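Open the structure in your viewer and keep the selection panel handy. We will walk from one stop to the next.

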Amino acid sequence: SLSGWGFLRIFSIVEGDGILSLDSSLDYESFSDSDSNNDYQLTVTAEDDAGNTNTQDITVTIDDVNESPTFDTSSLGSVSEDATNGDNVDNVDANVGGDADEGVSYALNNGGSAFDIDNSGQITVVDASQIDYESSQSISVTVEASEVSATNTKDSTINVNDVNEAPTGSDNTVTIDEDNN
C-alpha cells in the first residue's frame with residue numbers, strides 16, 4: 001500500500017510486484033507537494049501472506065527539464081503601409097515553464113527585411129520601403145523563441161493596412177503644332 005500527503009491520485013503501487021507508478025503528469029513549475037519543493041515523501045507498506053508488514057519511506061524528486069518555449073499569442077498585429085522605421089508592430093510573448101519571457105531570446109526568420117524583433121519580443125519596422133499594400137496585403141514571418149537549448153518557431157502573418165495615398169504625377173510639357181493633324 002501507499003501513503004503520503006495527498007499523492008494517492010499521483011502515484012500508485014502495482015499490486016503483486018510493488019512497482020511505484022505515476023498516475024498523472026507532473027510539472028515542475030506547478031508543484032503539488034506539501035512543502036512546495038517538488039519532493040514527494042511517500043511511505044510504502046508491504047505485507048506478506050502471513051500478515052507481516054514492513055514499511056519503507058521513499059522520496060520522489062521531480063527535476064526541472066528545459067522545455068521549448070510556447071507562444072501565448074495566436075496572431076501578430078498589423079502595420080499601415082505608411083509606417084516609418086522604428087514603428088512598433090506587435091509584441092510576441094513566449095512562455096517557458098510558466099514564466100513568460102524568462103530567459104527567452106527572439107529572432108525573426110523570413111519576412112524580408114521590413115521587420116526586426118528584439119529580445120523582449122517587440123517587433124518593429126526597420127525598412128518601411130518594404131511595406132506596400134498595393135504590392136502585398138500581408139507579410140509572412142517566422143518568429144523563433146529560444147531558451148538555453150530549446151527552440152520553438154511560430155509562422156504568422158503581419159497584415160498590411162491600406163492608406164489613401166495622394167496621387168502622384170510628373171510635370172510634362174507637350175508642344176503641338178496647330179497645323180498637325
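How many bridges join strand β14 to strand β15? Select residues 138-147 (β14) and 150-161 (β15): 10 bridges join these antiparallel strands. Strands here are DSSP runs of E, at least two residues long, numbered from the N terminus. Within this pairing, Ser138 has Asn159 of β15 as its bridge partner.

A word on the model: it is predicted, with local features needing pLDDT of at least 70 and side-chain atom pairs counting only at pLDDT 80 or more, while totals for chains, interfaces and linings use all residues. Residues are numbered from 1 along each chain as its sequence is written, and side-chain values use heavy atoms, leaving out hydrogens and water.

Next, show the open sheet, whose 4 strands run in the order β7-β15-β14-β11 with mixed pairing; two strands pair if DSSP finds at least two bridges between them. β7 (78-80) and β11 (105-109) each have a single partner strand, so one side of each lacks a neighbour in the sheet.

Now pick Val79, one of the residues touching the most other members of the largest nonpolar core, which has 23 residues. Such a core is a set of buried (under 20% relative accessible area, 1.4 Å probe, protein chains only) Ala, Val, Leu, Ile, Met, Phe, Trp, Tyr and Cys residues joined through side-chain atoms within 4.5 Å. β14 gives this core its largest share, 4 residues.

Finally, select Gln122 in strand β13 (residues 122-125). Gln122 is buried, at 17% relative accessible area, and its side chain reaches the backbone oxygen of Asp90 at 3.0 Å.

Definitions and conventions:
Buried means under 20% relative accessible area, exposed over 50%, partly exposed in between (1.4 Å probe, protein chains only). A polar contact is a pair of N or O atoms within 3.5 Å; within protein, one must be able to donate a hydrogen and the other to accept it, and residues adjacent in sequence count only if both atoms are side-chain atoms.
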